Amino acid sequence: MKIAVLAGDGIGPEVTAEAVKVLDAVLGRTHRLEVVEAFIGQAGIDADGDPLPVRTSEVARNADAILFGAAGMPGDEAIPYAMRPGASLLRLRKELGLFANFRPALLFEELIGASTLRPEVVRGLDLLILRELTGDVYFGEPRGFATEAGERVAFNTMRYSEGEVERIAHVAFRAARSRRRKVCSVDKANVLEVGQLWREVMTRVGRDYPDVELTHLFVDAAAMQLMRAPLAFDVIVTGNIFGDILSDAAAMLTGSIGMLPSASLGQGARGLYEPVHGTAPDIAGKDIANPLAAILSVAMMLRQSFGLQAEARRVEDAVRAVLARGLRTADIHQAGRERVGTRQMGDAVVDALRG
Ligand SMILES: NC(=O)c1ccc[n+]([C@@H]2O[C@H](COP(=O)([O-])OP(=O)(O)OC[C@H]3O[C@@H](n4cnc5c(N)ncnc54)[C@H](O)[C@@H]3O)[C@@H](O)[C@H]2O)c1
Ligand SMILES: CC(C)[C@H](C(=O)O)[C@@H](O)C(=O)O
Ligand SMILES: [Mg+2]
């Protein structure tokens with residue numbers, strides 16, 4: 001199994017180091033694991049003058065799966081788009097055709113007190129945000145700056161083709177079939193043509209899945225419902241920008257953004273697995289970041305790229321065991337629990353795996 005590890009910037013290297021330890025512990029004796037590291041983000045600029053060096057693209061393309069940390073640093077916004085560390089990830093997703101981004105939000109019973117919502121509103125939370133990842137205003141052309149009537153203007157283009165909406169719709173309905181058979185499609189069809197097309201296509205594809213209940217929400221109402229009654233959701237399917245925003249919001253239902261893993265998949269088995277969070281410059285280099293989102297991303301990798309269900313479950317059970325023992329990084333800390341650092345948390349998961 002060839003895994004590309006693109007640790008990136010900020011806390012990226014700290015959390016991926018723990019995830020690799022866990023991968024090694026769960027597979028070490030049974031599989032031949034080859035880990036190839038490559039630079040991305042600011043680390044790519046420092047090493048090769050490019051946030052996504054050619055070697056990094058090659059390493060990613062030649063791997064069976066990719067583990068990504070995080071990329072981007074404060075002040076990136078001022079850098080031209082193509083050279084922006086954070087944009088390296090967008091280029092990689094596009095190059096590899098990873099159009100389906102799975103962002104499950106699952107609340108561990110042990111963290112019920114860490115959620116921003118009352119226990120009765122979140123107990124048993126298990127929803128999936130399926131975010132379309134290679135279209136929308138992120139990639140639409142034209143984009144850029146211009147001068148109009150003596151002042152600067154900036155513009156981006158929100159764009160989806162029928163084909164792009166169709167393929168993510170099928171992924172959503174199929175995912176719902178292995179869950180609670182409910183899809184909520186989120187758009188802004190009351191204002192945007194893109195939303196109108198999105199809704200029409202979702203409705204049409206939905207007819208092929210009569211066993212799955214399809215509902216629609218406008219994104220503003222969806223944000224509200226996510227906070228009011230999150231248990232009502234099963235699969236939320238939405239476009240790139242709305243999915244980006246809703247998934248960070250959903251993170252807080254689970255206690256911390258440090259708990260949210262993700263998988264980005266395309267047509268084949270090769271996927272990119274990454275925590276939903278960013279480089280967290282405010283806590284980088286202090287050994288206090290929560291590595292569980294990265295570790296849970298490894299569980300998604302085992303399940304989705306390699307079909308290793310039992311191993312994936314062992315990783316998730318080890319995370320649950322460590323939380324049950326009362327170990328907490330700062331972001332999920334609760335009174336009476338033992339506060340641990342990034343490395344200690346990773347070590348504890350490895351210990352739990354080894355039983
Ligand atoms: N996938 C990615 O590479 C990715 C994702 C989001 C943001 N970014 C980039 O990261 C940089 C910082 O962005 P931001 O501050 O808006 O978002 P962020 O996710 O990096 O941080 C937001 C807040 O959450 C906290 N946090 C994040 N991850 C945590 C963890 N594992 N444990 C504990 N606390 C954690 C941070 O300390 C911070 O207070 C920007 O350059 C942004 O573009 C990258
Ligand atoms: C870093 C940024 C480009 C990225 C995105 O907007 O997709 C991030 O916020 C995410 O959620 O993966
Ligand atoms: Mg985001």
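This is a predicted model: local features need pLDDT of at least 70, side-chain atom pairs count only at pLDDT 80 or more; totals for chains, interfaces and linings use all residues.

Trainee: Which residues does UniProt list for "binding site"?

Mentor: The UniProt record, an unreviewed entry, lists Arg93, Arg103, Arg131 and Asp220 under "binding site". These residues are spread over 128 residues of sequence, and in space they lie up to 26.7 Å apart between C-alpha atoms.

Trainee: Does arginine 131 count as buried or exposed, and why?

Mentor: Burial is read by counting neighbours: 20 or more other C-beta atoms within 10 Å make a residue buried, 12 or fewer make it exposed, and a count in between makes it partly exposed. Arginine 131 counts as buried because it has 28 C-beta neighbours inside 10 Å. It is found in strand S5, residues 126-132. Leaving aside residues up to four places away in sequence, arginine 131 touches Asn101, Arg103, Thr238, Asn240, Gly243, Asp244 and Ser247. Arg103 is also listed in the UniProt record, and Asp244 also belongs to the surroundings of ligand 2.

Trainee: Where is aspartate 220 placed, and how many C-beta neighbours does it have inside 10 Å?

Mentor: Aspartate 220 lies in helix H8, residues 219-228. It has 13 C-beta neighbours inside 10 Å, and therefore counts as partly exposed.

Trainee: How many buried residues are there in strand S6?

Mentor: The count is zero among the five residues of S6, residues 144-148, so by the neighbour cut-off this strand is hardly covered. Strand S6 runs antiparallel to strand S7, residues 151-155, and five bridges join the two. Within this pairing, threonine 147 stands opposite arginine 152. S6 and S7 form a hairpin with two residues between them, and alanine 149 in the turn has a positive phi of about 50°.

Trainee: What is the radius of gyration of the chain?

Mentor: The chain has 20 Å, which agrees with the value near 20 Å for a compact globule of 355 residues. Its C-alpha trace spans about 60 × 50 × 40 Å along the principal axes. The chain holds 12 helices and 14 strands, and 50% of its residues count as buried.

Terms used. Residues are numbered from 1 along each chain as its sequence is written. Chains are lettered from A and ligands numbered from 1 in the order in which they are written. UniProt positions are given in the numbering used here, feature names are shortened, and annotations may be inferred rather than shown by experiment. Helices (H or I, at least four residues) and strands (E, at least two) are DSSP runs, numbered from the N terminus. Two residues are in contact if their C-beta atoms, placed from the backbone, lie within 7 Å. A residue is near a molecule or strand if its C-beta atom, placed from the backbone, lies within 6 Å of it. The radius of gyration is taken over C-alpha atoms; the globule rule is 2.2 Å times the number of residues to the power 0.38. Two strands pair if DSSP finds at least two bridges between them.
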